[in-house]
Amino acid sequence: MSKLNDFMSLLTGTFNNAEQYESLKKAGTDFPFAKHVNTVCNSKILNLPADFKGIFMVEESYYTSGDKTHPTPHLFLFTEESDGIKLTSYELPCGYTKESFTYENITALDYKDLKPSEKFTPALYTQKDGVWEGGSTSMFSPVLKFTLFERFSTEALEVTESMEVNGKKTFGYDEPIIYKRLS
C-alpha cells in the first residue's frame, strides 16, 4: 500500500498548466488553459468492503478555450497491483452530471451502486527513476479510439490524450498538457 500512497501523494491536489499556457500563447499556439482538482473521496463512499485497499479519487478537470470553460469530471479507482498502480474509470454516479459532479457536491455515494466504465480500458502505471508513467488505449465505439498516456513526478503531471474517429485525430494536442501543483 505504500506505493499506492506515494503515487496518490503526487496525484492529489490542485494543478494547472498556466506556465505552459502563457508560453504557448506568446508563441501564437492555440492551446487550452487547463486545471485539475484531484481529491480522494473514500470517506464519502458508503459500504466499502472491510478489506478494501483501493483509493477512489474525484478528478475535476476544467478546460478553457477562448471564452468557454468545459468541465470534465471523473471518478477513478486506484489499486496497487503486483506490476504497478492500476487506474479504473467509473461512470458518473446516478444523479450527477458533468456540471454537478465535484468533491464538494458529493453527499454520499454507495459502493454497491458504483459502476466501472465498460468503455475505458484500465490504465497501468509503473515507476521508473522516481517517475510514474503509463496509460491505455480504449475503443469507445467501433470507430472511436481514445488514447491516454501520463507521467507523474514531483515536478508535474504530464497528460497526453487523443481521440480518433476512423483513424483520424479529432481531439488532442501534439504535446502533453503539463500541470504544475498549486496546492
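Predicted model: local features only at pLDDT ≥ 70, side-chain atom pairs only at ≥ 80, totals over all residues.
Strand S6 spans residues 84-90 and is mostly covered; S6 is joined by bridges to strand S5 and to strand S8.

**Cavity**

- The lining of the largest cavity is made up of Tyr63, Val159, Thr160, Glu161, Phe171, Tyr173, Glu175, Pro176 and Ile177.
- Strand S11 (residues 157-165) gives the largest share of this lining, with 3 residues.
- Sorted by class, 6 of the lining residues are nonpolar, 1 is polar and 2 are charged.

**Burial of S6**

- Of the 7 residues in strand S6, 6 are buried.
- Buried here stands for under 20% relative accessible area.

**Pairing of S6 with S5**

- Strand S5 (residues 68-81) and S6 run antiparallel and are joined by 7 bridges.
- The two strands, S5 and S6, form a hairpin, with 2 residues between them.
- Phenylalanine 78 has leucine 87, in S6, as its bridge partner.

**Pairing of S6 with S8**

- S6 also runs antiparallel to strand S8 (residues 123-128), and 3 bridges join S6 to S8.
- Tyrosine 125 in S8 stands opposite isoleucine 85.

**Side-chain directions**

- In a regular strand, side chains alternate between the two faces of the sheet.

How values were computed:
Residues numbered from 1 in each chain as written. Heavy atoms only, no water. 1 Å grid on protein atoms, 1.4 Å probe; cavity = no way out; pocket = protein on both sides within 12 Å on 5 of 7 lines; lining within 4 Å. Helix = DSSP H or I, 4+ residues; strand = E, 2+ residues; numbered from the N terminus. Nonpolar A, V, L, I, M, F, W, Y, C, P; charged D, E, K, R; others polar. Buried < 20%, exposed > 50% of the residue type's maximum accessible area, 1.4 Å probe, protein only. Pairing = 2+ DSSP bridges.
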